[in-house]
Amino acid sequence: MAAPPASADAPRPAPPPLAAGDGPDRPEGKTETTCEDRSNAESLDRLLPPVGAGRSPRKRTTSQCKSEPPLLRTSKRTIYTAGRPPWYNEHGTQSKEAFAIGLGGGSASGKTTVARMIIEALDVPWVVLLSMDSFYKVLTRQQQEQAAHNNFNFDHPDAFDFDLIISTLKKLKQGKSVKVPIYDFTTHSRKKDWKTLYGANVIIFEGIMAFADKTLLELLDMKIFVDTDSDIRLVRRLRRDISERGRDIEGVIKQYNKFVKPAFDQYIQPTMRVADIVVPRGSGNTVAIDLIVQHVHSQLEERKLRWDLAALASAHQCHPLPRTLSVLKSTPQVRGMHTIIRDRETSRDEFIFYSKRLMRLLIEHALSFLPFQDCVVQTPQGQDYAGKCYAGKQITGVSILRAGETMEPALRAVCKDVRIGTILIQTNQQTGEPELHYLRLPKDISDDHVILMDCTVSTGAAAMMAVRVLLDHDVPEDKIFLLSLLMAEMGVHSVAYAFPRVRIITTAVDKRVNDLFRIIPGIGNFGDRYFGTDAVPDGSDDEEGGSTG
């Protein structure tokens with residue numbers, strides 16, 4: 001459903017004095033800023049209307065910087081948009097495509113500021129901000145020389161890699177991770193390192209040529225044109241380039257007249273007609289921002305991107321446990337260790353000792369599912385022995401913090417030179433959705449067998465998000481082994497439903513979870529008992545307490 005064409009208006013408040021990241025003109029090289037230049041910049045400040053005139057200040061939000069990892073701060077808490085909720089269908093893929101918003105407009109019109117205001121007003125997790133500035137083409141040597149002398153047109157559609165933009169946006173809409181180039185505007189080239197972005201519920205794509213390609217337009221569910229007065233845009237560019245880039249007024253005006261203004265008239269302004277909403281005065285138009293946010297909220301509700309884990313578990317409660325589940329044989333020894341660690345009177349020392357014993361048995365059991373091939377070795381007596389050798393490339397352990405890291409010593413004890421990665425996932429107490437707060441994975445794990453470790457799994461939400469992150473790093477689903485000391489049937493069904501080829505291995509499965517998503521009869525909060533920390537009220541820790549399990 002497309003938003004109705006509109007040009008939302010409001011009493012004329014001032015746009016901010018600087019639209020960060022707008023415009024393709026880049027410094028030719030660092031020069032010293034003189035007192036005269038600073039005076040010119042201060043004079044330009046006086047040409048801009050006072051910030052916030054005629055309106056109450058909005059809360060500020062910091063969203064993804066164009067060269068930094070995607071980070072969103074809200075008034076409630078910090079959210080790393082590298083994560084996303086694991087609402088996927090039975091094939092382990094996103095059930096609905098993300099809602100993509102396109103933001104077009106002239107250089108220094110305030111597109112980035114408008115995007116950040118939309119993110120703040122939406123107040124939902126799982127938003128990705130993608131900038132067109134990351135997708136400038138790699139210049140030839142001749143073009144780099146032209147750029148160094150300010151004679152290359154960065155405001156032309158041919159300056160952008162639209163094929164890469166389109167493929168990147170398609171993957172993001174499908175919930176897949178993407179590699180985005182980092183462009184160095186001082187050298188007019190791409191850096192060696194690329195940044196990773198992950199799919200989300202909402203994708204905001206902004207750039208001066210956001211509406212200049214027909215295929216790209218078809219990927220955008222909502223198109224917004226930020227229309228700011230040309231004098232304001234020029235003053236912003238002058239202020240920015242003089243105060244921040246050490247350039248002189250004559251050079252900025254020359255570039256503006258030679259490339260920026262003609263490109264706006266020929267390529268950018270005509271795309272206003274394809275926009276669903278036109279926002280006059282950019283970020284100063286709070287009426288337009290509110291209309292946009294209302295429409296996006298209605299679209300998210302219509303698409304029903306959330307998935308009720310409790311309903312899913314209820315639907316599967318009468319189903320047999322999946323074939324991908326393997327439970328360690330309940331010998332008297334295993335049951336005896338469970339008796340000790342489940343007992344509320346057990347001391348911390350004994351809890352740690354018997355938990356470690358169970359972890360070792362669990363790891364040994366899991367290794368039996370790895371691929372092995374026939375091999376022959378020669379014994380010290382000079383005789384051949386027909387044995388078995390690990391047939392994979394490498395084994396990597398990934399622990400879900402904090403409880404999962406307690407399993408690392410057991411894995412290291414039985415796997416020589418094993419690599420270790422960590423993932424921190426916690427639930428937002430306001431939204432009830434798991435969030436990815438930290439990620440560190442070894443390089444080139446796509447060919448590895450990955451042992452994913454978490455000590456307890458109740459709902460399966462954290463485990464599913466962790467699996468999704470591994471899949472985003474090209475680890476095949478059938479090479480992922482989820483290990484947990486204790487699982488609830490709800491979590492087993494949830495993981496198996498979303499990822500039917502992931503091997504699930506545990507020492508015991510309990511029947512149910514309570515209203516706080518704690519496993520019943522359970523083991524208590526594993527992290528608190530193991531590390532000797534105090535329990536957080538309402539079980540809001542990082543394991544069985546219902547926050548990530």
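Select D444 to begin. D444 sits in the loop between β16 (434–440) and β17 (449–453). Helices (H or I, at least four residues) and strands (E, at least two) are DSSP runs, numbered from the N terminus. The phi of D444 is positive, about 55°, although D444 is not a glycine. D444 is exposed, with 61% relative accessibility. Here buried means under 20% relative accessible area, exposed means over 50%, and partly exposed lies in between (1.4 Å probe, protein chains only).

A note on the model before moving on. This is a predicted model: local features need pLDDT of at least 70 and side-chain atom pairs count only at pLDDT 80 or more, while totals for chains, interfaces and linings use all residues. Residues are numbered from 1 along each chain as its sequence is written, and side-chain values use heavy atoms, with hydrogens and water left out.

Select D417 next. D417 lies in the loop between α12 and β15 (419–427). Its phi is also positive, about 60°, and D417 is not a glycine. Is D417 buried or exposed? D417 is exposed, at a relative accessible area of 60%.

Go to the bond between L401 and R402. This peptide bond is cis, with omega near 5°. R402 belongs to the loop between β14 (395–401) and α12 (408–414).

Now jump to I520 and P521. The peptide bond from I520 to P521 is cis, with omega near 5°. Look for P521 in the loop between β24 (519–520) and α15 (526–531). As background, most residues other than glycine have a negative phi, and most peptide bonds are trans.

**A strand residue and its partners**

Select K388. K388 is part of strand β13 (residues 384–390). At 57% relative accessibility, K388 is exposed. Which residues does K388 touch, not counting those up to four places away in sequence? They are F372, Q373, D374 and C375. Contact means heavy atoms within 4.5 Å.

Show the side chains of K388 and D374. A polar contact of 2.5 Å joins them. A polar contact is a pair of N or O atoms within 3.5 Å; within protein, one must be able to donate a hydrogen and the other to accept it, and residues adjacent in sequence count only if both atoms are side-chain atoms. Then pick the C-alpha atoms of K388 and V377. These residues are 11 apart along the chain, and the atoms are separated by 9.6 Å.

**The parallel sheet**

Colour β18, β20 and β22. These three strands form an open sheet in the order β18-β20-β22, with parallel pairing. The edge strands are β18 (456–457) and β22 (509–510), and each pairs on one side only. Two strands pair if DSSP finds at least two bridges between them. Strand β20 (residues 486–488) pairs with β22 in the parallel sense over two bridges. Select M487 to find V509 of β22 standing opposite.

Pick out E489 in helix α14. E489 is buried, at 12% relative accessibility. Its side chain makes a polar contact of 3.2 Å with the side chain of K511.

**The ring cluster**

Select Y136, F152, F154, F160, F162 and Y183. Ring pairs link these residues into a cluster. Rings of Phe, Tyr and Trp (its six-membered ring) pair if their centres lie within 6.5 Å; planes under 30 degrees apart count as stacked, over 60 as edge-to-face and the rest as tilted. The whole structure has 10 aromatic pairs.

Zoom in on Y136 and F154. This pair is edge-to-face, 5.5 Å centre to centre, with 85° between the planes. Y136 lies in the loop between β5 (127–131) and α3 (141–148) and F154 in the loop between α3 and α4 (162–173), so the pair ties together parts that are 18 residues apart in sequence.

F152 is buried, with a relative accessible area of 13%. F154 is buried as well, at 5%.

**Zoom out**

Show the whole chain. How many helices and strands are there in the chain? There are 15 helices and 24 strands. Of the 549 residues, 56% are buried.
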